[in-house]
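Please look through the sequence and the structure below before reading on, and keep both at hand while you follow the paragraphs.

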Amino acid sequence: MVINDSEKNNEIFIENEDKANQYAAKCLIIVAAIVGSVWILNSINFFIISKMLMNIAMPTSITLFLLPSLLVKMISGQKWYLKYLIMACTIMGMTSLSTMMTYHTILAWICPLLISCHYYSKKFTAWTLAGSVVFMTMAIFAGLYVGLWDSNMMAEMDGVKERIITASILIRTFKFYYLPRVFTLIAFAPICFTLMDRTRALLNKQKKDNEEKERISAELNVATEIQTSMLPSIFPDFTNRAEFEIYATMKPAKEVGGDFYDFFSIDDDHLAVVIADVSGKGVPAALFMVVAKTLIKNQAQVGRTPVEIFTLVNAQLCENNEVGMFVTAFMGVYEISTHHFVCVNAGHNPPLLKRADGSFEYLKLHTGFVLGGMEEIKYKQQEMQLTSGDELYLYTDGVTEATNINDELYGEDRLLAALNNNMDLNTDELLSSVKNDIDCFVNGAPQFDDITMVAFKIGS
């Protein structure tokens, strides 16, 4: 919560004025504890200060120092006057001590200035300085009549025991006690003002940075929604087709990611399945992902083969690719009527295939060069015949390269075991079980890469 600290010329938002009030009250509790300790020590003759003066000054000042804690609890909400009440208690407590023991507590007058610094307000510190000077003046001269005398400076001659206030004593008090202490407070004030200016500037910068972060976060949230909307997200999809079942998930490492998957009908008898991983992470990878995904889908929908699609897309991604980004991708086109599957791999992780009567195994496919990495690359297309019950599992390297707290990789062997331990599950349940296995393995370690999976199962 950010609270406005009212100043006419320049309103400054401090992090939390309520916390500043609470902090001041806690500081005064510590001051009260120190004063009480001195009182106890003097009562057992550790010091030689008059017990009568102590018994008057100490309870009064301790009460005033503890009063802000009560005020903070009683006065709720953002009350502008609360800090002035707290400072009034502080100054009055110092006045009580200084009146009775003027020459023993003079350094304590720095305490109000230090406490005022935590409000980051020049106006408030200026009022604190003025109040301290006024009440210190009253305490010093009132102390001549009721407080503890300094025998080295206040007696006009040795052996004088009576309290006689003369013009000479007043002048000496003014010159040797009052002026040096006023000058000390005034000299200390610029340090406080400089501290406040520096802190206030940092808080303003922090406020602007936070606003910028919130703006960027809001834009990233919109980007996340846009990216999510670009990927198939309604499952089961193709509800009118019993010939196959397909399910996919993606969990980006940041708000937006470079991984993507896609599946779409080219015509009534052909289904395209794509999974890809853009180099890098975050917004740059997401932008490059949009371009790559659009190019692949556009080329596929005009009826080109996977090898033709990757050849053309590679050439287009290489154009003006000054940032040097690239894409690993796997694409397959499934002919529904014949169960014929044609695929091409551009530097992507090897998929796994489970035959209807077997278990998952890594496919030994030719792995070509990445898309966008080099011009005039020749890709190799491969074909396979699928049957009812066969299931294809596609994934990005965020799966196998997931790292636990001991910097161990999840790896291909664990992935193979996780798939075979759950190979009788439906496609959505299979991906969920693999993701749970990854989560158990990483054991809370941060996710460094996008995790994307696709399960494609041949129906009847």
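Which residue in β10 does Cys 343 stand opposite? In this predicted model, the residue across from Cys 343 is Gln 382 of β10. Strand β7, which spans residues 340-346, is joined to β10 by four bridges, and the two strands run antiparallel.

This pairing belongs to an open sheet of five strands, which follow one another in the order β4-β5-β6-β7-β10 with antiparallel pairing. At the edges of this sheet stand β4 (259-267) and β10 (382-385), and because each has a single partner strand, one side of each is left without a neighbour in the sheet. From one strand to the next, the twist averages 15°. Two helices can be followed against these strands. Helix α7, made of residues 282-300, lies across β4, β5 (270-278) and β6 (327-335), and its direction is at about 15° to that of β4. Helix α8, residues 306-318, lies across β6 and β7, but here the angle, taken to β6, is about 150°.

A further open sheet of five strands has the order β3-β12-β11-β8-β9, again with antiparallel pairing. Its edges are formed by β3 (244-251) and β9 (360-362), each of which has a single partner strand, so that one side of each is left without a neighbour in the sheet. Neighbouring strands here are turned against each other by 15° on average, when direction is ignored. Within this sheet, strand β8 (residues 352-354) pairs with β9 in the antiparallel sense over three bridges, and the bridge partner that Leu 353 finds in β9 is Glu 361. Helix α10, residues 411-421, packs on the sheet and touches β8, β9 and β11 (391-395), while its direction makes about 155° with that of β9. Helix α11, residues 427-442, lies across β3, β9, β11 and β12 (451-458), and runs at about 150° to β12.

From the sheets we can turn to the space left between helices. How much space lies in the largest pocket? The volume comes to about 440 Å³. Its lining consists of 22 residues, and those closest to the centre of the pocket are Val 31, Ile 34, Val 35, Leu 97 and Ala 108. The elements that each give two or more residues to this lining are the helices α1 (17-43), α2 (51-74), α3 (82-100) and α4 (110-116). The largest share, seven residues, comes from α1. Sorted by class, the lining has 19 nonpolar and three polar residues, and no charged ones.

A pair of aromatic rings is described by the distance of the centres and the angle of the planes. In this model the count comes to twelve aromatic pairs. In one of them, the ring centres of Tyr 84 and Phe 124 are 5.1 Å apart and the ring planes stand at 85°, which is over the limit of 60 degrees, so the pair is edge-to-face.

Key
Residues numbered from 1 in each chain as written. Predicted model: local features only at pLDDT ≥ 70, side-chain atom pairs only at ≥ 80, totals over all residues. Heavy atoms only, no water. 1 Å grid on protein atoms, 1.4 Å probe; cavity = no way out; pocket = protein on both sides within 12 Å on 5 of 7 lines; lining within 4 Å. Points joined across faces, edges and corners; volume = space filled by probe spheres on them. Nonpolar A, V, L, I, M, F, W, Y, C, P; charged D, E, K, R; others polar. Pairing = 2+ DSSP bridges. Axes fitted to C-alpha atoms, helices over the stretch in contact; angles between N-to-C directions. Contact = heavy atoms within 4.5 Å. Phe/Tyr/Trp six-rings, centres within 6.5 Å; stacked < 30°, edge-to-face > 60°.
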